[in-house]
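I opened this entry to record what I looked up about pockets, an annotated region and a surface patch.

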Amino acid sequence: MGRIAGVTAAETRERLLQAAAEVFAERGYDGTRVADIAAAAGVSNGALYAHFGSKAELLVAALRAHGRQLMASLFAADPDRSITELLLAIGRGLPRRRDAPRHLIVEALVAARRDEDVARPMRDYVGERTDWIAELVRVAQSDGELDPALSPEALAHFCLLLSMGSALITPNLHAVDDAEWSALLARVAGALVPPTPSPHTERSPHSESTN
């Protein structure tokens, strides 16, 4: 079973990423063989290795692909939304996510603790996500949406902790009301806006010294 006739290299790669997400979610990282992913994608092992050097590389590549798809769908839904609203939209969906990326991040985090082949690309992946969020924060700060005194790296780290933590605390373990969660996020976001300058107190005529 080699390359499928009429299917481009880009399409083969996409099939492999989709198959990897599904098989990892079903069997876990340790329980998945490269041959399982190739079979699910309908290609040979050789075709898989033409795109990805290892199972670990494929796991992290699947994470990246699903992250890009999420962002593309959010931008497509409202291309004019502010960066703050974009981050809020992502945050509002965290407690409800039951998709492949949730399973992928859990598998990647667990595997990275005991497998350096996973830990290395995961460090790169987390670094990329941190840099990307931090850059969004800097743009929001320059546009006056977020307080410029905040550390972009610290805020990016906070966002990643929420996102990755949501993969572990699933709705079947602890559900939270959507309205209450949204209200909490809005309160947090409100604390991150630039402080409003205090109005200058008008000097009373009685407080002026007479000559």
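For residue classes, I counted Ala, Val, Leu, Ile, Met, Phe, Trp, Tyr, Cys and Pro as nonpolar, Asp, Glu, Lys and Arg as charged, and the others, Gly among them, as polar. The model is predicted, and local features need pLDDT of at least 70, side-chain atom pairs count only at pLDDT 80 or more, and totals for chains, interfaces and linings use all residues. Residues are numbered from 1 along each chain as its sequence is written, and side-chain values use heavy atoms, with hydrogens and water left out.

**Largest pocket**

I took a pocket as an open set of points on a 1 Å grid over the protein atoms alone, where a 1.4 Å probe fits, with protein on both sides within 12 Å along at least five of seven lines; lining residues have an atom within 4 Å of a point. The volume of the largest pocket is about 710 Å³, counted as the space filled by probe spheres set on the points. I found 35 lining residues, of which I90, G91, L94, C159 and S163 are closest to the centre. Helices here are DSSP runs (H or I, at least four residues), numbered from the N terminus. Helix α8 gives the largest share of this lining, nine residues. I sorted the lining into 24 nonpolar, seven polar and four charged residues.

**Second largest pocket**

I noted about 260 Å³ of space in the second largest pocket. Its lining has 15 residues, and those closest to the centre are L94, P95, I169, H174 and V176. The lining divides into eight nonpolar, four polar and three charged residues.

**Annotated region**

I found that an unreviewed UniProt entry annotates residues 33-52 as "DNA-binding region"; such annotations may be inferred rather than shown by experiment. This stretch is 65% helix and 0% strand (strands being E runs of at least two), and its end C-alpha atoms lie 14 Å apart.

**Surface patch**

I recorded F158, L162, L184 and V188 as a nonpolar surface patch with about 300 Å² of accessible area together. Helices α8 and α9 each give it two or more residues.

Technical notes: Patches are made of residues with over 30% relative accessible area and no salt bridge: like charges are joined within 9 Å, nonpolar side chains (Val, Leu, Ile, Met, Phe, Trp, Tyr) within 5 Å. Accessible areas come from the Shrake-Rupley method with a 1.4 Å probe; for residues, only the protein chains shown count as cover. A salt bridge is a side-chain nitrogen of Lys or Arg within 4 Å of a carboxyl oxygen of Asp or Glu.
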